[in-house]
Amino acid sequence: TDHGDGDGHTGGAHDHEDDTSPIPLPTHPGEVEAYVAAVKAEADHGAHMDDAQKATEHGQLLDLVPRSEATHIAISNGDWFDPGTWYKGE
């Protein structure tokens, strides 16, 4: 996914290439609401598993706002600035 940040970076969610989710992206509009609910209910994935300090810092950052309170959720792979990438275009 190109996040459109201008530096050509590609990667998964949170800009970490090792993030994976068992929840497949919705393939048609009828699946979007269920997908968003599943993403909000999902546990956070570990990141930086090869660096304990980074893993701790990443976890502490994610603890600031619970996943269930996410305000912006990508519903497709795409340009960071394309409203079609985001739930309700936000």
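Predicted model: local features only at pLDDT ≥ 70, side-chain atom pairs only at ≥ 80, totals over all residues.
Trainee: What makes L61, L64 and V65 a nonpolar patch on the surface?

Mentor: Together they have about 330 Å² of accessible area, by the Shrake-Rupley method with a 1.4 Å probe. Residues are numbered from 1 along each chain, and side-chain values use heavy atoms, without hydrogens and water.

Trainee: Why does L61 count as exposed?

Mentor: Exposed means over 50% relative accessible area, buried under 20%, partly exposed in between. L61 is at 56%, so L61 is exposed. L61 lies in helix α2, residues 52-63; helices are DSSP runs of H or I with at least four residues.

Trainee: Which residues of helix α1 are buried, and how do you know that they share a side?

Mentor: V32, Y35, V36 and V39 are buried in α1, residues 32-41. They cover an arc of only 95° around the axis, so they lie on the same side of α1; the arc is taken from the directions from the helix axis to the C-beta atoms. On the other side, A34 and A41 are exposed.

Trainee: What makes up the largest nonpolar core?

Mentor: Seven residues: V32, Y35, V36, V39, I73, I75 and Y87. A nonpolar core joins buried nonpolar residues through side-chain atoms within 4.5 Å.

Definitions and conventions: Patch = residues over 30% accessible without salt bridge, like charges linked within 9 Å, V, L, I, M, F, W, Y side chains within 5 Å. Salt bridge = Lys/Arg side-chain N within 4 Å of Asp/Glu carboxyl O. Helix = DSSP H or I, 4+ residues; strand = E, 2+ residues; numbered from the N terminus. Buried < 20%, exposed > 50% of the residue type's maximum accessible area, 1.4 Å probe, protein only.
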